[in-house]
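Subject: Structure handover

Hi there,

Here is the structure I promised to pass along.

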Amino acid sequence: MPPVRTSAFKQQLQDFDHFGKPTEIFSRRFEGSVVPYFVNEFWTAKQRAADSLHEVSYRACFKPQLPRFFVQRLTGPRDKVYDPFMGRGTTLIEAALLDRVPLGCDVNPLSRLLCEPRFSPPTLAAVDTRFSSIPTSPAGPVRQDLLAFYHKDTLDEISALREYLMNRRSTGKFDSIDGWIQMVATTRLTGHSKGFFSVYTLPPNQAVSIESQLRINERRKQIPPRRVVREIVLRKTHTLLAKTSPPSETSIFDRGQEAVLLTGSAGRTPRIESGSVQLVVTSPPFLDVVNYKRDNWLRCWFNDVDSEAVEVWHYKKPEEWQAAMTEVFKELHRVLRNSGFVAFEVGEVRNGSLQLEDLVVPAGIRAGLCPEAIVINDQKFTKTSNCWGIENLKKGTNTNRIVLFSRGSDLSQSGAKPSRTGHQPGE
Ligand SMILES: C[S@@+](CC[C@H](N)C(=O)[O-])C[C@H]1O[C@@H](n2cnc3c(N)ncnc32)[C@H](O)[C@@H]1O
């Protein structure tokens, strides 16, 4: 695909009217750069439902429509699409479904374990058959404190499955069906419905402490009911595979074979070749909003991962967070092609009193990237609420805000110096 011109993409944002609303445009100055904001309902849950393969719960994941919007417009088939904070792998799965090569990194080992198996989904029958050879009684000791979450027989099955997976790994027999079962079981450990192994607890992607769970049980007068691990894993497998159909089925497998999944820090990724990536779509850990370590302790236990050893970024001070992001942007600058882009989702934190783009735009500039636009996807945006502006940005809203950087710019592609003054809307 020929290099995507930034101005053409901005024109698309400006002209966008898929849902009958005009794009609102205004601009702000960030240090030396004037950056245009584009506000519209660019993607929505009303659009073609996302592929069912995405339906794996993870704290602070974004909807597949977000990476799809940028992948479809800023890359071509077989281009490399990268997420340095991949989480459950939304960007990677969507990229592979769209026939792009997925690359990802996350410091949390659970991330790879949740993403990789979905590049080679097994059949329901294969998963069912595999369960026939998985013991339901553990050989070793069982963690009695976990009875706060599970019925005794369910806990036996979970413990036996855990032993089986560890054994398969240590004997080199672990295969893609084991990987799939491990991924599904990990996401079924706790939740608030019959689709999970546990008694009612907080949402599926967070595990409370044992003490908190005992308090929840007391308050709700509940005792963990019997849940059958095999049945739940098969039911979830059925749901995950429900909407994957050709050609997505072929491209997820083919592009998945080329996937690069790293476990480590986003600031240092020597395994990703310089100048190779066309597009980065990502959302970083937002200051101290989500405590990935605390939320993931049970998933880590099940997968024999030491949650204390996972160095998840959890900065309290904005300037420290900004310094970390600057290092990531330097690394992204290295791995991007000249014609490449970064779509960096930023949240509203501290009740809207802190706009993360105020930290992100300067961080990107310091790393040599050009801030091109801030894209705000506002699903409630209507003609009559056409009152976007700085004040509106401060309100806590249900929006996605994406800072778009290019590695160069339209000017740099033609050999001129990159602009440091930014662009006016429609430029
Ligand atoms: C907001 S989540 C990303 C969610 C992802 N967009 C998705 O849809 O699942 C941020 C991720 O950053 C990861 N993370 C935290 N510190 C990191 C670091 N130093 N390097 C790489 N990943 C990190 C966390 O483990 C978490 O998965």
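Predicted model: local features only at pLDDT ≥ 70, side-chain atom pairs only at ≥ 80, totals over all residues.

**Around the ligand**

There are 22 residues around the ligand, and Tyr58, Arg88, Thr90, Asp106 and Ala266 come nearest. A ligand oxygen atom lies 2.6 Å from an N or O atom in the side chain of Thr90.

**The nonpolar cores**

The largest nonpolar core has 53 residues, and the members that touch the most others are Leu146, Tyr150, Leu161 and Phe197. At least two residues of this core come from each of helix H3 (90-97), helix H4 (109-115), H5, H6, H7, helix H8 (210-220), H9 and H12. H7 gives the largest share, 6 residues. Domain 1 (6-109 + 245-413) and domain 2 (124-240) each contribute at least three residues to this core. There is also a second, separate core of 39 residues, with Phe286, Val328, Leu356 and Ile374 among its members.

Leaving aside neighbours within four places in sequence, Leu146 is in contact with Leu155, Ile210, Trp297, Leu298 and Trp301.

Tyr150 sits in the loop between H5 and H6. Its relative accessible area is 1%, so Tyr150 counts as buried. Not counting residues up to four places away in sequence, Tyr150 touches Leu155, Ile158, Leu189, Thr190, Phe197, Ser198, Pro224 and Leu298. One of these, Pro224, is 74 residues from Tyr150 in sequence, yet the two C-alpha atoms are 5.1 Å apart. The Tyr150 side chain also reaches the backbone oxygen of Leu189 at 2.9 Å.

**Helix H6**

H6 covers residues 152-170, 19 residues in total, and spans 27 Å from its first C-alpha to its last, close to the 27 Å expected at 1.5 Å a residue. Its buried residues include Leu155, Ile158, Leu161 and Leu165, along with Asp156, Glu157, Arg162 and Arg168. The buried residues of H6 pack against helix H5 (124-131), helix H7 (176-187), helix H9 (229-241) and helix H12 (297-302).

Is Arg168 buried or exposed? Arg168 counts as buried because its relative accessibility is 16%, under the 20% cut-off. Setting aside neighbours within four places in sequence, the contacts of Arg168 are Arg130, Lys173, Phe174, Asp175 and Asp178.

**Backbone details**

Just after H6, Gly172 has a positive phi of about 70°. Glu31, at about 45°, lies in the loop between strand S1 (24-30) and strand S2 (33-40). With 51% relative accessibility, Glu31 counts as exposed. Asp304, with phi near 60°, lies in the loop between H12 and helix H13 (318-335). Asp304 counts as partly exposed, at 47% relative accessibility.

Happy to go through any of this with you.

Best wishes

Conventions
Residues numbered from 1 in each chain as written. Heavy atoms only, no water. Helix = DSSP H or I, 4+ residues; strand = E, 2+ residues; numbered from the N terminus. Expected span 1.5 Å × (residues − 1). Buried < 20%, exposed > 50% of the residue type's maximum accessible area, 1.4 Å probe, protein only. Contact = heavy atoms within 4.5 Å. Core = buried A, V, L, I, M, F, W, Y, C linked by side-chain atoms within 4.5 Å. Domains from an automatic or database assignment. Near = heavy atom within 4 Å. Polar contact = N/O pair within 3.5 Å; in protein donor to acceptor, adjacent residues only side chain to side chain.
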